[in-house]
Amino acid sequence: MKLAQLIEFLRGRLKAVKLVGIGLLVLVAALGMLLVSNEHAHTAVEHIPFFWSIFGFVGCVLIIVLSKWYGHLGIMTREDYYDDPPAQLASAAGARPSPGAATSGSGGASEHSKALDNSKPAAPGDGRAPGGGKHD
Amino acid sequence: MTDLWLHPSLILILGSLLLLAVPARLKRGYLLLIPILLFARILTMHRGEFGQVHILNWTLVFGRVDGLSSVFGYIMSLMCILGTLYGLHVKDDAQHIASWFYVAGSVGCIYAGDFITLFLFWELMAFSSVFLIWFRGRRESLFAGYRYLLVHVVGGLALLAGMVLHCNAPGHDWSFNLLDVHHPTTAIYLIMAGFLLNAAVPPLHAWLPDAYGEATFNGSVFMCAFTTKTAVYALCRGFAGMEILIVLGVIMALYGVVYAVLENDCRRLLAYHIISQVGYMVAGVGLGTQMAINGACAHAFAHILYKGLLFMGCGSVLYMTGESKFTELGGLWKKMPWTFVFTLIGGLSISAFPLFSGFVSKSMIVSAGFEEGKLWVGFLLLLASAGTFLHTGLKVPYFIWFGKNQPRKETWDRAAEPPWNMNAAMIVASALCIFIGCYTPYLYKMLPYPEVAAEYHPYTAYHVFETLQILLFTGLGFFLLLKKLVPDPTISLDLDWFYRKGWRVFLWVARKPVQATDTLVGELYRVAGLVPLMLSARVAGLFDNEVIDGMVDGFANSIRGFSRRLRLAQRGQMQQNLAFAFAVAAILIIAFLWYSNAFAR
């Protein structure tokens with residue numbers, strides 16, 4: 001577990017790590033400005049000082065703010081949104097109840113959900129740790 | 001041209017049938033052997049057209065080996081090794097069989113030289129991969145699987161309709177080559193729709209996060225590699241230079257980024273970033289220059305490896321803890337530090353950090369965009385790559401392995417490093433990601449236009465500093481706005497809403513107007529039709545009683561005896577019955593092709 005110790009060591013010195021990070025930012029921006037020639041630039045705007053640094057930062061902020069705004073328009077919704085028990089679905093699917101069906105833990109699941117569920121109890125390699133029970 | 005040309009997919013199909021007969025102690029070796037044989041077969045294939053089968057009026061070409069198909073065949077078979085290694089400890093044979101059939105479908109599509117062969121393998125892919133979702137065994141995965149299947153059947157039908165219209169038009173045959181992208185017909189649009197659905201191009205994309213977030217921990221590792229990249233191959237082959245793909249690709253690249261901000265499930269987040277990354281490839285195909293096609297292929301190659309690696313990392317977390325939601329995870333660095341490192345390598349690769357694989361592949365497409373004079377393409381794709389680093393490089397590792405959130409005690413207790421084979425697969429994938437990023441000729445020599453690729457140099461000082469500035473300042477933005485990025489326990493509505501909630505509208509229509517009409521028609525029918533019918537029925541009844549019953553009873557008795565035996569043979573699980581039916585159908589089709597070919601000679 002040497003790697004975990006290294007991470008612990010760094011976490012213990014969070015301030016120093018932050019300082020190094022900021023130093024790196026300044027260094028990259030400064031070197032990019034001072035040493036690297038612009039002859040490979042694709043467009044004229046890239047001759048603005050620190051263009052790509054500004055691009056990265058503003059781009060990141062825009063992505064976060066606009067996406068969150070979009071999400072709060074009603075796109076982000078409660079987790080059981082699709083789980084409403086569709087009573088008609090069970091009869092439409094012609095499901096036959098299977099004995100010993102695994103119970104589904106999600107809220108609002110009723111009779112039909114058991115019928116449609118896979119009756120295999122905790123199949124190996126179903127994405128769950130061995131020995132662990134099902135919980136949604 | 002030799003008659004003994006061994007189709008690589010055949011290795012997997014026969015291999016999976018024999019898997020059932022392999023004794024348990026040899027199973028692990030056998031599981032590794034078959035994908036390695038596949039890889040070796042693909043490495044030893046010569047260029048040319050092989051496996052031609054004449055059937056009815058068609059010439060099927062099972063093996064068109066050229067520059068484009070070789071690079072995709074190479075990476076698909078390599079990924080098959082990694083994916084199988086990752087799931088090596090899974091005891092359920094059916095899961096391995098499903099994933100091998102799935103890879104066989106993908107490889108078959110890649111080497112297909114005509115539309116019919118392409119379509120057969122295309123459907124094989126859809127029908128085998130759905131089991132990778134179902135095998136998770138949750139109620140949600142059952143529904144997600146059916147949705148996945150239905151959506152892909154629709155895409156397959158569009159493809160089929162387009163193929164039939166296109167190939168029956170005068171002057172066309174069934175061979176699958178570059179289509180006339182500058183004068184597209186309805187048929188060409190239909191074929192494109194079929195391809196775009198598999199490539200998850202909005203608005204035909206919602207199946208992807210739905211399915212990949214719900215598949216088994218190792219099923220998603222396979223799924224993230226094959227379906228979308230086979231579609232990218234098909235687009236490269238048939239639609240290079242189709243202008244509309246540039247716009248669609250750029251929209252895709254940004255669309256995935258926006259949804260990744262909102263996503264709380266790490267595997268769904270990665271799935272949205274597949275959409276984003278495939279956007280680069282689709283835009284590359286749309287640009288259509290030799291450099292852009294090279295870029296699309298190189299990016300598909302690199303993407304399969306790093307996205308596989310990312311799904312392996314998040315799959316390990318899911319497998320060990322049972323959780324994949326950020327709100328249920330946090331601080332795992334103490335328990336799974338190596339998984340963190342591997343996932344971070346995947347994250348740095350997808351973000352195109354210098355010395356990692358994305359850097360040498362993604363930039364080809366961006367440069368091609370700038371060189372074509374389409375500045376907006378270049379800038380928007382660079383913006384999307386800032387978003388990629390923001391989520392896959394920062395959000396995923398931070399909120400799983402660090403963050404302020406404390407997982408529940410049982411999650412915490414279960415967390416540990418995954419089994420050795422999962423680690424081994426992640427080590428190999430990480431090593432390849434770094435190797436590709438450091439030693440460019442390995443990838444560049446494999447591309448369809450190697451001479452163009454040889455002239456491209458990603459490691460110029462300007463490019464390195466441009467990338468570093470974008471990425472590091474994105475990182476600054478991430479840490480400054482960390483509070484805004486803390487995931488909420490929500491889901492995000494996407495266009496799958498229309499078929500997940502839209503059925504209510506359908507039901508309402510069925511219940512109210514349609515039922516009312518039905519009742520009315522029924523009443524009319526009863527008055528006008530039923531009374532005369534009863535009369536004639538009485539006459540027919542006499543005949544029926546005397547003559548027909550005797551015959552039918554004997555027939556029914558024999559059917560009942562047969563079905564009683566059949567009932568004992570089947571085990572009542574719908575998925576298994578379907579798996580069995582699909583396997584039998586696949587074998588029948590192959591046998592039919594084989595025999596008809598033998599008779600044709």
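To start with, how many helices and strands are there in chain A?

Guide: Happy to, and keep in mind that this is a predicted model. Chain A has five helices and one strand. Walk along chain A from the N terminus and the elements come in the order α-α-α-β-α-α. Chain A counts 136 residues, and 16% of them are buried. Take the contacts in chain A between residues at least 6 apart in sequence: 35% of these join residues at least 24 apart.

Now for the partner. Where chain A touches chain B, 50 residues of chain A and 60 residues of chain B take part. On the chain A side, at least two residues each come from helix H1 (2–12), helix H2 (14–34), helix H3 (51–75), strand E1 (76–78) and helix H5 (111–116). The biggest giver there is H3(A), with 15 residues. Sort the chain A side by residue type and you get 26 nonpolar, 17 polar and seven charged residues.

E1(A) pairs with strand E3 (residues 490–492) of chain B, running antiparallel over three bridges. Within that pairing, A:Thr77 sits opposite B:Ile491 of E3(B).

Technical notes. Residues are numbered from 1 along each chain as its sequence is written. Chains are lettered from A and ligands numbered from 1 in the order in which they are written. This is a predicted model: local features need pLDDT of at least 70, side-chain atom pairs count only at pLDDT 80 or more; totals for chains, interfaces and linings use all residues. Two residues are in contact if their C-beta atoms, placed from the backbone, lie within 7 Å. Helices (H or I, at least four residues) and strands (E, at least two) are DSSP runs, numbered from the N terminus. Ala, Val, Leu, Ile, Met, Phe, Trp, Tyr, Cys and Pro count as nonpolar, Asp, Glu, Lys and Arg as charged, and the others, Gly among them, as polar. Two strands pair if DSSP finds at least two bridges between them. A residue is buried if 20 or more other C-beta atoms lie within 10 Å of its own, exposed if 12 or fewer, and partly exposed in between; C-beta atoms are placed from the backbone.
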